[in-house]
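Work through the exercises below with the sequence and coordinates open. Try each task before reading its solution.

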Amino acid sequence: MEFLRKLFGLGPKVNYKELVANGAKILDVRSEGEFASGHISGSVNIPVDQIPKRMPEVLKLQEPLIVCCKSGMRASMAMAQIKKAGVKEIYNAGGWTKLK
């Protein structure tokens, strides 16, 4: 189980509500249609396939950054790209409904 948590960037338990209360931004990497069907209030939608070309926009969100999608797979892919761009404090929350 620990291997899977590391693989998907799900590390130790994190209090996401506390992070948001302290200024963390939520980046939802689902498609625009998925985002339109429901999302966390205040979250920013940049689909995972648009992350590379919209990286300046992502970096403006600053840290800490919480990434979510439907299950955690796309969030993991986005997180890897964002980390390579220099963001250090980033969390994979998995499915966006966990942040409700």
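**Exercise 1. Find the residue in β2 that is the bridge partner of leucine 27. Then find its partner in β3.**

Step 1. On the β2 side, leucine 27 is bridged to valine 44. Strands here are DSSP runs of E with at least two residues, and helices are runs of H or I with at least four, both numbered from the N terminus.

Step 2. On the β3 side, leucine 27 has valine 67 as its bridge partner.

Step 3. Aspartate 28 has a partner in β2 too, namely asparagine 45.

A note on the model before going on. It is predicted, so local features need pLDDT of at least 70 and side-chain atom pairs count only at pLDDT 80 or more, while totals for chains, interfaces and linings use all residues. Residues are numbered from 1 along each chain as its sequence is written, and side-chain values use heavy atoms, with hydrogens and water left out.

**Exercise 2. Give the strand order of the open sheet. State which strands stand at the edges.**

Step 1. Count the bridges. Strand β1 (residues 25–28) is joined to β2 by two bridges. Four bridges link β1 to β3. Two strands pair if DSSP finds at least two bridges between them.

Step 2. Get the directions. β1 and β2 run parallel, and so do β1 and β3.

Step 3. The order of its four strands is β2-β1-β3-β4, with parallel pairing. The edges belong to β2 (44–45) and β4 (90–95): each has a single partner strand, so one side of each lacks a neighbour in the sheet.

**Exercise 3. List the salt bridges of the structure. Classify the residues of each pair as buried or partly exposed.**

Step 1. A salt bridge needs a side-chain nitrogen of Lys or Arg within 4 Å of a carboxyl oxygen of Asp or Glu. Buried means under 20% relative accessible area, exposed over 50%, and partly exposed in between (1.4 Å probe, protein chains only).

Step 2. Count. There are three salt bridges.

Step 3. Take aspartate 28 and arginine 30. Their closest N and O atoms are 2.8 Å apart. Aspartate 28 is buried at 0%. Arginine 30 is buried at 3%.

Step 4. Take arginine 74 and glutamate 34, which meet at 2.7 Å, N to O. This pair links distant parts of the chain: arginine 74 lies in α5 and glutamate 34 in α3 (residues 32–36), 40 residues apart. Arginine 74 is partly exposed at 22%, and glutamate 34 is partly exposed at 23%.

Step 5. Take glutamate 57 and arginine 54, with closest N and O atoms 2.9 Å apart. Glutamate 57 is partly exposed at 36%. Arginine 54 is partly exposed at 21%.
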